[in-house]
Amino acid sequence: MVVILQKNATEAQVQNVVKHLEDYGFQIHKSTGTERTIIGAIGVKPNFDTRNISILDGVDEVYRVTTPFKLAGRSFQESNTVIKIKDVEIGGNHVVMMSGPCSVESEDQIFRLAKVVADSGATILRGGAFKPRTSPYAFQGMGEEGLKLMRAAADQYNLLVITEVMQIEQIDLIYKYADIFQVGARNMQNFSLLKELGKVDKPVMLKRGIAATIEEWLMSAEYILSGGNKDVVLCERGIRTFENYTRNTFDLSAIPVVHKKSHLPIIADPSHATGLRDQVPPMARAAVAAGADGLMIEFHHDPETALSDGPQALLPNTYLKLMEELRLIAKAIGRTL
Ligand code: PEP
Ligand code: MN
């Protein structure tokens with residue numbers, strides 16, 4: 001941590017800051033320039049709240065040098081985490097596709113869409129059985145029946161299943177049917193849920209919260225990792241900004257930032273990030289170009305009648321065409337898809 005004192009800080013204030021830092025257990029390196037004093041506080045304290053120092057008299061600014069996320073950071077593990085689930089790898093050179101409807105709606109729907117997912121060369125079927133809806137009057141998902149249908153459809157076409165878990169009580173049930181737990185944007189800081197998911201032996205995909213900084217998102221990943229579950233995947237799904245021509249603002253730059261800060265794989269979800277189907281293919285192409293380790297895409301055979309997120313669902317043909325384009329982009333950057 002670096003503490004920069006104000007220009008007019010008195011010697012007594014400098015000494016007071018030094019004393020506080022020493023009391024907190026830091027080693028001190030003081031450098032007194034002609035204009036101001038700068039104190040280097042050495043010591044690894046990921047939980048230290050820098051505000052304890054910024055409020056002291058005479059302090060101008062306080063900067064952290066090390067990151068507060070230990071296990072999710074590159075300093076803990078330099079090489080990329082590659083998660084293996086059956087014969088699928090997430091975080092390797094192959095860009096993984098997680099495709100399917102927003103919600104599982106019926107046997108006919110999920111089998112029909114699972115076939116398209118398999119035909120497209122994607123390996124993971126997405127679909128929600130427990131849905132976090134903004135309105136309590138909107139379709140809430142099919143529950144266990146939806147999970148059963150999804151598992152059966154995935155097995156028929158040799159696909160993996162990713163589905164959302166909203167609360168601790170659903171973990172055991174979802175465990176029986178899914179290969180990957182999805183934690184939705186609204187639950188990114190549901191710390192008790194994250195702690196429980198730290199104990200399961202299946203991968204967890206953690207979506208970025210609607211108003212979360214990348215650091216807060218990585219700290220949430222830290223909850224799962226520190227519980228013992230090392231198989232965490234991040235997913236950028238757009239954040240809330242002042243822009244309202246899109247449902248959310250797709251933070252494409254989160255992809256290189258996460259790759260630099262963390263060894264965990266990052267998936268991009270242009271469907272929720274934009275919320276409108278015509279914006280999904282351009283952003284999906286951009287995400288692959290930016291280095292996403294995978295994409296989550298929603299599509300539906302009849303978006304008009306979809307029970308959730310119809311406006312952002314691609315039609316199967318558009319989805320299949322997009323897959324071809326994505327393959328070309330992946331190839332151009334030395335990856336497969
Ligand atoms: C979803 O994937 O269906 C979903 C609800 O996503 P998010 O949590 O990103 O809104
Ligand atoms: Mn959705």
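**Figure 1. Helices H3 and H4 cross in a right-handed sense.** A crossing counts as right-handed if the near helix is turned clockwise from the far one by less than a right angle, and as left-handed if anticlockwise. The model is predicted: local features need pLDDT of at least 70 and side-chain atom pairs count only at pLDDT 80 or more, while totals for chains, interfaces and linings use all residues. Residues are numbered from 1 along each chain as its sequence is written, chains are lettered from A and ligands numbered from 1 in the order in which they are written, and side-chain values use heavy atoms, with hydrogens and water left out. H3 covers residues 107–119 and H4 residues 144–156; their axes are 9 Å apart, at an angle of about 30°. Axes are lines fitted to C-alpha atoms, for helices over the stretch in contact, and angles run from 0 to 180 degrees between N-to-C directions. H3 and H4 are therefore roughly parallel to each other; angles under 35 degrees count as roughly parallel, over 145 as roughly antiparallel, 65 to 115 as roughly perpendicular and the rest as oblique. On the H3 side, Glu107, Ile110, Phe111 and Ala114 meet Leu149, Met150, Ala152, Ala153 and Gln156 of H4. Contact means heavy atoms within 4.5 Å. The residues of this contact comprise 7 nonpolar, 1 polar and 1 charged. Here Ala, Val, Leu, Ile, Met, Phe, Trp, Tyr, Cys and Pro count as nonpolar, Asp, Glu, Lys and Arg as charged, and the others, Gly among them, as polar.

**Figure 2. Helices H10 and H11 pack with a right-handed crossing.** The axes of H10 (residues 280–290) and H11 (residues 316–332) come within 9 Å and cross at roughly 25°. H10 and H11 are therefore roughly parallel to each other. H10 contributes Pro281, Ala284, Arg285, Val288 and Ala289 to the contact, and H11 contributes Leu322, Glu325, Leu326, Ile329 and Ala330. By class, the residues of the contact of H10 with H11 are 8 nonpolar, no polar and 2 charged.

**Figure 3. Valine 165 sits in the loop between strand S9 (160–164) and helix H5 (171–177).** Helices (H or I, at least four residues) and strands (E, at least two) are DSSP runs, numbered from the N terminus. Valine 165 counts as buried, at 0% relative accessibility. Buried means under 20% relative accessible area, exposed over 50%, and partly exposed in between (1.4 Å probe, protein chains only). Neighbours within four places in sequence aside, valine 165 is in contact with Gln170, Ile171, Ile174, Phe181, Gln182, Val183, Asn187, Leu193 and Leu197.

**Figure 4. Lysine 86 has a positive phi of about 50°, although it is not a glycine.** Lysine 86 lies in the loop between strand S5 (83–85) and strand S6 (88–90). Lysine 86 is exposed, with a relative accessible area of 62%.

**Figure 5. Aspartate 309, not a glycine, has a positive phi of about 55°.** Aspartate 309 is found in the loop between strand S14 (294–298) and H11. At 17% relative accessibility, aspartate 309 counts as buried.

**Figure 6. The protein chain is assigned domain 1 (2–63) and domain 2 (83–332).** These bounds come from an automatic or database domain assignment. The C-alpha centres of domain 1 and domain 2 are 44 Å apart. The secondary structure of the chain comes to 11 helices and 14 strands. Buried residues make up 51% of the 337 residues in the chain.
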